[in-house]
Amino acid sequence: MITFENVVKQYPNGFRAVDGLSLEVAPGEICVFIGPSGCGKTTTMRMVNRLISVSSGRILVEGRDNRDIPAEELRRKIGYAIQQIGLFPHMTIYENVAVVPHLLGWEESRIRSQVDRLLELVGLDPDEQRDKYPRQLSGGQQQRVGVARALGADPPIMLMDEPFGAIDPITREVLQDEFLQIQKEISKTIIFVTHDIDEAIKMGDRIAILREGRIVQFDTPDTILAHPKNNFVRDFVGADRALKRLGLVRINEVMDTDPPMVAYEAKIEEARNIIQKRKLRSAFVVDRDGRLRGWVDKEAAERETSLTEAMAEVPYSDIAVRQNATVRDALSAMVTRSFRITPVVDSKGKLVGSISLRSLQELVERDDSEASEVSP
Amino acid sequence: MGGIIASFGFFFLPLLELKPNRLASGIPFELLQLGGDTRYIILFLLTFIVLAVALNRTTETRGWTLVALGNTMMFLTLFLGALAGANLIGNAETLLEGVNLRNPRILPSAGLILGLVGGYVTLFGGLSDLRKAKTPRVALIVAAWSGLALILIFLLTGQFDIYSVMVEFRARGELLGNRIVEHIMFVGVALIIGFVLGVGLGLWSFRDERMAPIILYVVGIIQTIPSLALFGVLLVPLARLGDRSASSIFLFLLVTAVIAALAIFLYRRFVQSFGPRLRQAFLIVTALLSAVPLALFVVLLSSFVFRSSFVVFTADGTVFASFRTLLSAMLLVSIALWLISRYLKKGLLKRIMRYGGLGGLALFGLTLLLAVGIGSSQFLSRVDSFAALTVRDLGVSGIGTAPAVIALTLYSLLPMVRNTYAGLVNVDPAITDAGRGMGMTPSQRFFQIELPIAFPVIMAGVRNAAVSLVGIGAIASVIGAGGLGDFILSGIDNASIDQILLGAIPAVILATLLDAGLRGLEQIFTSPGIKQV
Ligand SMILES: Nc1ncnc2c1ncn2[C@@H]1O[C@H](COP(=O)(O)OP(=O)(O)O)[C@@H](O)[C@H]1O
Ligand SMILES: [Mg+2]
């Protein structure tokens, strides 16, 4: 747990980069600091591990004023990852990840297994990468090592300053997903600095929006999107915040778990029945294991005499969305393929539900009635 | 390409010169005139064929072919040159009719030099091919040195004695050995002192950014003095200095140091509030004021260290380190410790180094005082006499090796200071920040991050200094320091190329070996993660 109590940072030139900031980061949560450039995100973060001193107020780390802990000891208990990564170029990957365990005087055998575990955790093959040097890795791999190094001695707290900021958008998405997955396992208390609102919404359990060294709003992503406190926040999160909210909802939370489906071996009448009964325009075809094989639409079902001739057979990945994707993904899939209803599958391609354009519309309307403001 | 140029040179430029005696100028001979020695022509036609083949092969085959070719060219150029030369000497009577023949000699001429250069260039090209093809190290070393080794063997067994340089060498071989040792001595001592001071000052300027411009200015100013002038300039004041009593010169050092410290203090304290013009002026004044005690300090230190007899050989064959040597070593180590400790921030190591360094300095001063005080006492006079100490007794004198060491030390400062500073300053701030953020102490950061990353740059400075000192050291001969410059200077006086070469060739070899040795050290201690490929 990290508590900021009325923290002020005044630089020697008189500039107040942080101006009376109070905030509490709960154990195991990712708290995102976001705001325009120069608003004091980095300064605030770096005061936690005393890379920058506090001018007034105090910061409690797990209940203790961080000035009561010797700086080096404090920093070894707090993971630190930065945008520039800052891997030590003259050390191997192994040595880089082992830095803090070495500083703490761990036994070599313990360090070895720890490094291997961490490299695996961040998706690098230890045997392949351990003895390489940073310059032999790609940017994405280097940042993975950067995260592994920050996790070096299993610190309860992590500070991450735009860790994925310098990485190409595709790799960034992958790293974000992976990191969320890792966080599920390790449950660290994390301060995560970014200037990218999409990243903030995706990564944050709570988001602190900063402006000129003060907190403007500190809430969950959903609340910030639904109830922006003022025009600054509204502008900052962007006009498409209704759409962004859809990005917070997982498909399996809102999908219809009883999708219209017929078995691949079934007679054509069965398909006609389902379509008629449920007043639909089409139904999905699944094989014996419940995996999606294609779909059959109303006209074809009435025209043809057998299901195999009536159906359109396609790989499931072409038409379906994954159940753990966001509703926003489903919407974008439906728009690009002009479907009114999209099948939802699990990771093995098994049909687990469906989601329709109409249900999405209802979802947005419900959200809007919850929200005090409606944006067109 | 180089090989082709060289071969042309070989054919069309004079290969050898036949001189009637040591001083008279000789008659050039071209390859085709050399008694129809067809072996040459066949050899070089052959090389073209091999070359043509080699250019179309894989890098490895081409590399080995070029290496073989280069080595052969260098060797055969000398070997066949020697054969042809012997021939010429044999026929000297007829070739140089009517000239007074006294010890006729063979001088290598442009063609022969080109042949060697061509061979070297070819060899070098081959080596870089092999390096690209990832040939094992040992094989590379063999490839690089086999030709030279062969030449060396022939040299040592007297096969090449026909060349005039070798004649000169035979005549002065013993002297040459002495000169080389002298050269190595004063270059080496200057390099060691320069290393301690230079790297120390570099660390200091890195540690304290307000000191950086002052220090860099001071060593920069010293570097701008032409070397010959510096030797000359040192001549008079050092001779004068020598007459003073040691205590007065220490007093002078103390006073100038205090003044410099005051200037530095004022500069650091107030420079912020000045405009850019005034700041610049203030900086220069401060730097000049600090240059005086620094230079004086180097003078005393270098003289003292150099004048010490490093080892004393006694009649029964045992070796003692002399009293002064111990003192000098203590002095150097103390300075090194103190300067390094300035870099470190709080911590046990800093305290140990700081007090160790200061303690060592104090002990040194005390011993010196003691020595001055009871100079004539039994104890001291038996080991090393400090009686009636004048500055000259400390080693300071206008001529000889001491001023040479002083000047060379001063010259070595700039590359060492600059590279140490640049190497450390250019460590990516993100890397140091990461180290800080992970909880490294300042000394851990220095020894585990900054130093290893800056190391190749620092070593480049040391190599730079080493190579230039070997060269500048040759000039030290004008102030009677000895060394290889003696041959070169007398060679110039006598217009004798042989003598010049006798001084120059060992100097080049010395510089090359020193560079290679230091490069080797650099390679060994540089992490593969930051090595240039
Ligand atoms: N050492 C310093 N001295 C004076 N001002 C500084 C210093 N470091 C940062 N600042 C200023 O403080 C403000 C906040 O900086 P920072 O926390 O790095 O912003 P960001 O939110 O972009 O991370 C900026 O306006 C910056 O110019
Ligand atoms: Mg920042």
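In chain A, 3 strands make an open sheet with mixed pairing, in the order β15-β16-β17. Strands β15 (321–322) and β17 (351–356) of chain A stand at its edges, and each has a single partner strand, so one side of each is left without a neighbour in the sheet. The model is a predicted one.

Take the pair formed by β15(A) and β16(A). Strand β16 of chain A covers residues 341–345, and it pairs with β15(A) in the parallel sense over 2 bridges. A:Arg322 has A:Val345 in β16(A) as its bridge partner. A helix packs on this sheet: α18 of chain A, residues 327–337. Helix α18(A) touches β15, β16 and β17 of chain A. Its direction makes about 70 degrees with that of β17(A).

Now turn to another sheet of chain A. This open sheet has 4 strands in the order β2-β1-β4-β5, and the pairing is antiparallel. Which strands stand at the edges? They are β2 (16–25) and β5 of chain A, each pairing on one side only. In general, strands of a sheet pair through backbone hydrogen bonds, either parallel or antiparallel.

Follow the pairs across this sheet. Strand β1 of chain A (residues 2–10) and strand β4 of chain A (residues 56–61) run antiparallel and share 5 bridges. Within this pairing, A:Val8 has A:Ser56 in β4(A) as its bridge partner. Side chains link the two strands as well. A:Glu5 and A:Arg58 form a salt bridge, with their closest N and O atoms 2.8 Å apart. This pair connects distant parts of the chain: A:Glu5 is in β1 of chain A and A:Arg58 in β4 of chain A, 53 residues apart. Over all chains, the whole structure has 28 salt bridges.

Strand β5 of chain A spans residues 64–65 and is joined to β4(A) by 2 bridges, in antiparallel fashion. A:Leu60 stands opposite A:Asp65 in β5(A). The two strands form a hairpin with 2 residues between them. In the turn, A:Glu62 has a positive phi of about 50 degrees. Helix α1 of chain A (residues 41–48) lies across β1, β2 and β4 of chain A. Helix α1(A) runs at about 120 degrees to β1(A).

Next comes the contact between the chains. How many residues does each chain bring? Chain A gives 23 residues and chain B gives 22 residues. The size of an interface is often given as the accessible area lost when the parts come together. Here, chain A and chain B bury about 2000 Å² between them, and carbon and sulfur atoms give 62% of that area. On the chain A side, A:Phe88, A:His90 and A:Arg135 lose the most area to chain B. Together these three account for 29% of what that side buries.

Polar links also cross the interface. There are 10 residue pairs in polar contact between chain A and chain B, counting pairs with both residues at pLDDT 80 or more. The count of salt bridges between the two chains is 1. In that salt bridge the side chains of A:Arg46 and B:Asp433 meet at 2.8 Å, N to O. By class, the side of chain A that touches chain B has 13 nonpolar, 4 polar and 6 charged residues.

Note on methods: Residues are numbered from 1 along each chain as its sequence is written. Chains are lettered from A and ligands numbered from 1 in the order in which they are written. Side-chain values use heavy atoms; hydrogens and water are left out. Two strands pair if DSSP finds at least two bridges between them. Contact means heavy atoms within 4.5 Å. Axes are lines fitted to C-alpha atoms, for helices over the stretch in contact, and angles run from 0 to 180 degrees between N-to-C directions. Buried area is the accessible area (1.4 Å probe) that two parts lose on being put together, summed over both. A salt bridge is a side-chain nitrogen of Lys or Arg within 4 Å of a carboxyl oxygen of Asp or Glu. A polar contact is a pair of N or O atoms within 3.5 Å; within protein, one must be able to donate a hydrogen and the other to accept it, and residues adjacent in sequence count only if both atoms are side-chain atoms. Ala, Val, Leu, Ile, Met, Phe, Trp, Tyr, Cys and Pro count as nonpolar, Asp, Glu, Lys and Arg as charged, and the others, Gly among them, as polar.
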